[in-house]
Amino acid sequence: MIRSELVQKLCDDHPDLRIREIERVVSSFFDAISDQLQQGGRVELRGFGAFSTRDRDARKGRNPRTGEAVDVDAKRVPYFKPGKEMRERLNV
């Protein structure tokens, strides 16, 4: 499912709301998650899962086209851990 499909599903489920209002809610939801992760925090949605970040160390990578060694900087990457209810629903 992509963002526009999510907005459309919410529009179908809540016909009393306008599409612009739903787009604003979805955008603020994703922005709040991104802002919290950017600050180094964690976002937990009970029954769904938890978003957090993980640190990746600097390393030597390889350019796949030339085979040349390349330095890859240290970085933080997003990580999602599904909740217990989510895992149970997937494995029925």
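## Overall dimensions

In this predicted model, the protein has a radius of gyration of 19 Å, whereas a compact globule of 92 residues would have one near 12 Å. Taken along the principal axes, the C-alpha atoms fill a box of roughly 55 × 30 × 30 Å. Of the 92 residues, 16% count as buried, and the accessible surface comes to about 8,000 Å², of which 49% belongs to carbon and sulfur atoms.

## Secondary structure and contacts

Three helices and five strands make up the secondary structure of the protein, and from the N terminus on these elements follow the order α-α-β-β-β-β-β-α. Among contacts between residues at least 6 apart in sequence, 34% join residues at least 24 apart.

## The largest pocket

About 260 Å³ of space lies in the largest pocket, whose lining consists of M1, I2, R3, L6, F29, F30, I33, L45, F48 and F51. By class, nine of these lining residues are nonpolar and one is charged, while no polar residue takes part. Helix 1 (3-13) and helix 2 (19-38) each supply at least two residues of this lining, and the largest share, three residues, comes from helix 2.

## The surroundings of S52

S52 is placed in strand 2, which covers residues 49-56. Because its relative accessibility is 16%, and buried means under 20%, S52 counts as buried. When its neighbours within four places in sequence are left aside, S52 is in contact with L37, G41 and R42, and also with V77, P78 and Y79.

Methods: Residues are numbered from 1 along each chain as its sequence is written. This is a predicted model: local features need pLDDT of at least 70, side-chain atom pairs count only at pLDDT 80 or more; totals for chains, interfaces and linings use all residues. Side-chain values use heavy atoms; hydrogens and water are left out. Helices (H or I, at least four residues) and strands (E, at least two) are DSSP runs, numbered from the N terminus. Buried means under 20% relative accessible area, exposed over 50%, partly exposed in between (1.4 Å probe, protein chains only). Contact means heavy atoms within 4.5 Å. On a 1 Å grid over the protein atoms alone, a cavity is a set of points where a 1.4 Å probe fits but cannot get out, and a pocket is an open set with protein on both sides within 12 Å along at least five of seven lines; lining residues have an atom within 4 Å of a point. Grid points are joined across faces, edges and corners, and a volume is the space filled by probe spheres set on the points. Ala, Val, Leu, Ile, Met, Phe, Trp, Tyr, Cys and Pro count as nonpolar, Asp, Glu, Lys and Arg as charged, and the others, Gly among them, as polar. The radius of gyration is taken over C-alpha atoms; the globule rule is 2.2 Å times the number of residues to the power 0.38. Accessible areas come from the Shrake-Rupley method with a 1.4 Å probe; for residues, only the protein chains shown count as cover.
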